[in-house]
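Me: I have a structure open and have not looked at it before. Can you walk me through it?

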Amino acid sequence: MRVKPKKALGQHFLTDMNVASRIADTVDVEPYTSLPILEIGPGTGVLTRFLLPKGRELKCVELDSESVEYLHREYPSLGVTEGDFLKMDLHELYHGEFCLTGNYPYNISSQIFFRLLEYREQIPVCTGMLQREVAERICASPGTKTRGILSVLLQAWYKCEYLFTVSEHVFNPPPKVKSGVIRLVRNEVKSLGCDEVLFKKVVKTSFGMRRKTLRNSLGPLIPKESPLWNDPILAERPERLSVEQFIYLTKSIQGI
């Protein structure tokens, strides 16, 4: 049985075993080398075959029923859950901490990382491959054009590292873009010290008009009589701000 990649599911099957081996090794981060691993979208098990020898509990979530059937046959001892990762309650899979990895479907990669934030206390390590543009955005530093909503929200809780680029020619079918492999490791932050719902709103609102200054984009959140209008930070564009500056902005708006 040959599993056919499905465009509707954003499937591009990796064919280079050396690349697969390198991606699998990204989960080996101290002191988390004994944690269980959850792989998203294993497809034909190209990455799975390199994760299994690590001797760690491995579970997979796969939406494609054809792939699920293939994985059950090729890896009978592997725990495979058929379903949509974005709709699953991960507490039902793991009660404690686990590592997240995968060759993420391009069409939902950003959504996967927003989902990661919801389970950040359970996922100290997240690695994997996704389209290079999104991978670079996640790891983008303040002052770079690629910095965006995901950059700030993820870097508030994780150390984000871009590891290496993968050519489009090692996939079936080849995607139209290159891919990037990243690793996120939970930082020591337990609380942002501000209203986290408002923090998320401030970040999203700021980047909603990314070519404008914060004075323009955040206007609806700041009363006209507020002294915050005179703060020099509002003359900046959102991509120039650090996580700490967004926290400062959130506290300032929260205190109005």
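Predicted model: local features only at pLDDT ≥ 70, side-chain atom pairs only at ≥ 80, totals over all residues.

Me: Is E3 enclosed or open?

Reply: Largely enclosed by the rest of the structure, because four of the five residues of strand E3 (residues 58–62) are buried.

Me: What does Cys60 stand opposite in E4?

Reply: Cys60 stands opposite Val80 in E4. The chain gets from E3 to E4 through helix H3 (residues 65–74), and this β-α-β crossover is right-handed.

Me: Where does the chain go from E5?

Reply: From E5 the chain crosses through helix H4 (residues 109–118) to E6, and this β-α-β crossover is right-handed. E5 and strand E6 (residues 125–131) run parallel, with two bridges between them.

Me: Which way do the side chains of E5 point?

Reply: Cys99 and Thr101 point one way from strand E5 (residues 99–102), while Leu100 and Gly102 point the other way. All of them are buried. In a regular strand the side chains alternate between the two faces of the sheet.

Me: Back to E2 for a moment. Is Leu38 buried or exposed?

Reply: Leu38, which is found in strand E2, has a relative accessible area of 0%; the limit for buried is under 20%, so Leu38 is buried.

Me: How far is Leu38 from Cys126?

Reply: Their C-alpha atoms are 9.6 Å apart in space, and the two residues are 88 apart in sequence.

Me: New topic, aromatic rings. How many aromatic pairs are there?

Reply: Searching the whole structure gives three aromatic pairs. One of them is Tyr104 with Phe113: the ring centres are 5.5 Å apart and the planes stand at 85°.

Me: Why is that pair edge-to-face?

Reply: Planes over 60 degrees apart count as edge-to-face. The planes of Tyr104 and Phe113 are at 85°, so the pair falls in that class.

Me: Are those two residues buried or exposed?

Reply: Tyr104 is buried, with a relative accessible area of 2%. Phe113 is buried as well, at 0%.

Me: Which charged ends sit over a ring?

Reply: Lys59 and Lys204 each have an entry here. The charged end of Lys59 is over the ring of Tyr94, 4.6 Å from the ring centre. The charged end of Lys204 is over the ring of Phe114, 5.4 Å from the ring centre.

Me: What is the bridge partner of Lys59 in E4?

Reply: Gly79 is the bridge partner of Lys59 in E4.

Me: On to pockets. What lines the second largest pocket?

Reply: Among the lining residues are Phe114, Leu117, Trp157, Leu192 and Phe199. The space in the second largest pocket is about 240 Å³. H4 and helix H7 (196–208) are the elements that give two or more residues to its lining.

Me: Which element gives the largest share of that lining?

Reply: H7 does, with four residues.

Me: Does Phe114 turn up in the lining or over at the lysine?

Reply: In both places. Phe114 is one of the lining residues of the second largest pocket, and the ring of Phe114 has the charged end of Lys204 over it.

How values were computed
Residues numbered from 1 in each chain as written. Heavy atoms only, no water. Phe/Tyr/Trp six-rings, centres within 6.5 Å; stacked < 30°, edge-to-face > 60°. Buried < 20%, exposed > 50% of the residue type's maximum accessible area, 1.4 Å probe, protein only. Lys NZ or Arg CZ within 6 Å of the ring centre and 35° of its normal. Pairing = 2+ DSSP bridges. Right-handed = clockwise from strand over helix to strand, strands pointing away. 1 Å grid on protein atoms, 1.4 Å probe; cavity = no way out; pocket = protein on both sides within 12 Å on 5 of 7 lines; lining within 4 Å. Points joined across faces, edges and corners; volume = space filled by probe spheres on them.
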